[in-house]
Amino acid sequence: NEHGGVSKGMRGSCRGIVSFIFARSLFSSSSSSVHAFQPPLRTCQVDMSVFRKVPDKDLFVSEPNPMWFGNPSNEALPTWTNKNWLKSRFHFSFAEYSNSKNSNFGVLRVMNDDLVQPQRGFGAHPHREMEICTYVVEGELTHQDSMGTKETLGRGSIQFMTAGTGVEHSEHNLHPTNPLRFIQMWIVPSRRGLKPNYGSMSGKDVDMKDKWSHLVSDVNAPAKTPVKINQDVNMFASELSGGKTVDLTLEKGRQAYLLCMEGKVQVTSSTVNESLQRHDAAEVVGPATLKLEADQAGGAHLLYVEMAGTGQDSRYA
């Protein structure tokens, strides 16, 4: 199950140190451990429209030593059967996963799918020159930063930080028994030297049932969203009941990174017929109109990040 199993990826003793250095740069630090480059399962392309599946098996999996982030030694818990306190899936080159062929998708520089043991977390660490958005999938995320912010957010919530000229923050799962899972995304900002900023939206305040909820947009765009960041990026999330559908439409010159966070969804169009399940992702390049139908038995919990681009920076190019 999700809270069990052995890591598929390599483990390197450099993760704790490299992660902090990496946070100050637009590029990840080098490491001797490089995940094998895998071709896509299937690519559909007509008139420059592209759909490329990124299966869970191709993601790098990291389970770092708890002491690297200020945690005590591992302990056995009935709700946790992973090797270490944290199980991260890296969608792009990050920390001990160094892969020059998979360093970004447009301005999306990082997407990490983090599963955190109860009463563990990331101690205070710095960031610079990034727009950082975090979506809570399961459990409760407690954030504290050098700007004086401290809050706890639950399922369906999203927070952002403009790291700008520099900020420190910590992220913890303070719940005594329940795991925490969140998706953290780093967006390259439209300009450097911005004043640090923080904001959030509680999942209790948004309706994403059987439809897309527009959560994030550009500060310069007219769209009214709970989170505004300094880049031409939009983020949408949806919780689909069994058998329900939503469309994903992209104009020419736009691209999106689609993630199936929970459940299973069938993606179809005149040229696409693909299934995405928990942890699977896809690169989509417009013009494209896709129909997403949730699994009848378990539904689907989806997120996508939309931005300018024509897919040249694909890991599969």
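Predicted model: local features only at pLDDT ≥ 70, side-chain atom pairs only at ≥ 80, totals over all residues.

How many helices and strands does the chain have?

Reply: The chain has one helix and 22 strands. Of its 317 residues, 57% count as buried. Looking at contacts with a separation of 6 or more, 76% are between residues 24 or more positions apart.

Now the rings. The structure holds ten aromatic pairs. One of them joins tryptophan 85 and phenylalanine 122: the ring centres are 5.3 Å apart and the planes sit at 70°, and since over 60 counts as edge-to-face, that is what this pair is. Tryptophan 85 is in the loop between β3 (60–62) and β4 (86–90), while phenylalanine 122 belongs to strand β6 (residues 120–127), so the pair ties together parts that are 37 residues apart in sequence. To your last question: tryptophan 85 is buried, at 0% relative accessibility. Phenylalanine 122 is buried too, with a relative accessible area of 7%.

Another pair is made by tryptophan 212 and tyrosine 304. Here the centres are 4.7 Å apart and the planes are at 85°, so this pair is edge-to-face as well. It links distant parts of the chain, 92 residues apart: tryptophan 212 is in the loop between β13 (197–201) and β14 (213–218), and tyrosine 304 is in strand β22 (residues 300–308). Tryptophan 212 has a relative accessible area of 19%, and buried means under 20%, so it still counts as buried. Tyrosine 304, at 6% relative accessibility, counts as buried. Besides these pairs, there's an aromatic cluster made of Phe60, Phe90, Phe94, Tyr97 and Trp186.

Back to β6, the strand that carries phenylalanine 122. Strand β6 is part of an open sheet of four strands, in the order β6-β11-β8-β9, with antiparallel pairing. The edges are β6 and β9 (150–153), each of which pairs on one side only. On average, neighbouring strands in this sheet are turned by 15° against each other, ignoring direction. As a reminder, strands of a sheet pair through backbone hydrogen bonds, either parallel or antiparallel. At the β9 end, strand β8 (residues 141–145) pairs with β9 in the antiparallel sense over four bridges. Threonine 142 stands opposite threonine 152 of β9.

Methods
Residues numbered from 1 in each chain as written. Heavy atoms only, no water. Helix = DSSP H or I, 4+ residues; strand = E, 2+ residues; numbered from the N terminus. Buried < 20%, exposed > 50% of the residue type's maximum accessible area, 1.4 Å probe, protein only. Contact = heavy atoms within 4.5 Å. Phe/Tyr/Trp six-rings, centres within 6.5 Å; stacked < 30°, edge-to-face > 60°. Pairing = 2+ DSSP bridges. Axes fitted to C-alpha atoms, helices over the stretch in contact; angles between N-to-C directions.
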